[in-house]
Amino acid sequence: MNILRTARQSFRRPIYQVIAGVCLSLLFLSVRHSLTPSHKPTTSRAMHIQSIPMWEGSGNNYAYLVVDDKTKDAVIIDPANPPEVLPVLKEKTSSGAINLKSIINTHHHHDHAGGNVEFLKTYPLPIIGGRDCSKVTKVPSHGETFTIGDSIKVKALHTPCHTQDSICYLFEDGDEKVVFTGDTLFIGGCGRFFEGTPEEMHKALNETLAALPDDTKVYPGHEYTKGNVKFGVKIMQSEPIKKLEAFADANKQTQGKFTIGDEKLHNVFMRLDDPVVQKATGKSNPIDVMGALREMKNKS
Ligand SMILES: [Zn+2]
């Protein structure tokens with residue numbers, strides 16, 4: 001018996017070793033495979049963003065349709081004016097071009113979340129947004145993430161000040177990064193402090209949003225760039241702000257054309273340490289500079 005057991009063990013051991021060896025080899029190969037540059041995922045083009053202008057010439061708002069091209073799963077951001085947004089979506093949903101999954105709101109103001117009730121009549125979907133948004137069903141916490149389709153990862157960033165329920169949404173798909181900023185950050189400017197303080201806007205812009213990678217593209221809630229840069233050039237006349245001015249003069253739409261890195265250069269509200277901005281406001285503490293800039297912009 002003993003001899004037999006020993007013989008069996010000595011026979012079995014190599015089989016286990018072979019199996020273990022094969023497993024290790026496969027693991028090694030799969031790791032090497034994933035590290036081989038030619039097999040690295042290429043920059044994804046799967047996230048498709050369609051801007052839907054609303055109240056052009058007055059509010060100049062944007063709703064944004066974001067689609068994961070692979071699964072066709074989609075979300076609509078701030079569809080505040082259903083007569084302008086629904087026809088675009090109906091065509092796409094009825095043809096099967098998109099699977100609309102949810103409505104996302106950046107904050108509760110009527111020109112962002114005011115279309116929810118009407119929208120739900122056609123699309124009874126979950127509403128993700130700030131706590132005061134009409135009919136909201138899901139209020140993501142700061143830093144909370146969720147996905148759209150297979151590849152779009154969304155992170156909610158609380159940025160209270162314009163309203164206390166303001167949320168910016170970072171969308172990532174492979175190497176592509178965009179942020180929907182509602183009325184917190186505009187190209188070359190920021191929203192009014194209706195429910196918050198200069199300290200809160202300083203934190204929202206210069207801590208929360210400034211911490212995003214510099215190549216994150218900015219999609220704000222309004223096309224306000226011309227007015228913002230008109231104010232900005234009064235404060236500083238740097239090359240980046242002159243470039244923004246030229247771009248705004250030549251282009252009706254500026255959303256998605258500038259990044260967080262660009263904003264750090266041409267947005268006076270993100271340059272509170274700049275001696276030129278400090279001199280223009282007569283303040284040096286960043287919170288005081290922020291407050292003074294907003295007052296000046298409100299009066300401009
Ligand atoms: Zn607003």
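**Walking through the fold: worked exercises**

The place of I287 is in helix α10. Helices (H or I, at least four residues) and strands (E, at least two) are DSSP runs, numbered from the N terminus. You're looking at a predicted model, in which local features need pLDDT of at least 70, side-chain atom pairs count only at pLDDT 80 or more, and totals for chains, interfaces and linings use all residues. Residue numbers start from 1 along each chain, as its sequence is written.

**Exercise 1. Work out how exposed I287 is and what it touches.**

Step 1: Count its neighbours. I287 has 16 C-beta neighbours inside 10 Å, so it counts as partly exposed. The scale goes like this: buried means 20 or more other C-beta atoms within 10 Å of the residue's own, exposed means 12 or fewer, and partly exposed lies in between, with C-beta atoms placed from the backbone.

Step 2: Look for its contacts (C-beta atoms, placed from the backbone, within 7 Å). Leaving out residues up to four places away in sequence, I287 touches P198, E199 and H202.

Step 3: Check one distance. I287 and H202 are 85 residues apart along the chain, yet their C-alpha atoms are separated by 6.5 Å.

**Exercise 2. Describe how helix α5 and helix α10 meet.**

Step 1: Find the two axes, which are lines fitted to C-alpha atoms, for helices over the stretch in contact; angles run from 0 to 180 degrees between N-to-C directions. The axes of α5 (residues 198-209) and α10 (residues 286-299) come within 8 Å and cross at roughly 105 degrees.

Step 2: List who takes part. On the α5 side you'll find P198, E199, M201 and H202, and on the α10 side P286, I287, M290, G291 and R294.

Step 3: Sort them. The contact divides into five nonpolar, two polar and two charged residues. Here Ala, Val, Leu, Ile, Met, Phe, Trp, Tyr, Cys and Pro count as nonpolar, Asp, Glu, Lys and Arg as charged, and the others, Gly among them, as polar.

**Exercise 3. Trace the sheet that contains β6 and β12.**

Step 1: Get the order. Five strands make an open sheet, β6-β7-β8-β9-β12, and the pairing is mixed. To pair, two strands need at least two DSSP bridges between them.

Step 2: Find the edges. β6 and β12 each pair on one side only. From one strand to the next, the twist averages 25 degrees.

Step 3: Take the β6 and β7 hairpin. β6 (residues 145-148) and β7 (residues 152-158) pair in the antiparallel sense over four bridges, with I148 opposite I152. Three residues lie between these strands, and G149 takes a positive phi near 60 degrees.

Step 4: Move on to β8 and β9. Five bridges hold β8 (residues 167-173) to β9 in the antiparallel sense; L170 has V179 as its bridge partner. In this hairpin there are two residues between the strands, and G174 has a positive phi near 60 degrees.

Step 5: Finish at β12. β9 and β12 (residues 217-220) run parallel, joined by four bridges, and V178 stands opposite K217.

**Exercise 4. Is strand β9 largely enclosed or open?**

Step 1: Count. Five of the seven residues of β9 (residues 176-182) are buried, so the strand is largely enclosed by the rest of the structure.

Step 2: The core has 59 residues, and V66, Y169 and V179 have the most contacts inside it. β2 gives the most to this core, with six residues.

Step 3: Zoom in on Y169. Not counting residues up to four places away in sequence, Y169 touches I104, V154, A156, V179 and F180.

**Exercise 5. Trace the sheet that starts with β1.**

Step 1: Read the order. Five strands form an open sheet, β1-β2-β3-β4-β5, again with mixed pairing. Its edge strands are β1 (47-54) and β5 (127-128).

Step 2: Check the last pair. β4 (residues 99-104) and β5 pair in the parallel sense over two bridges, and I103 stands opposite I127.

Methods:
Two residues are in contact if their C-beta atoms, placed from the backbone, lie within 7 Å. A nonpolar core is a set of buried Ala, Val, Leu, Ile, Met, Phe, Trp, Tyr and Cys residues joined through C-beta atoms within 7 Å.
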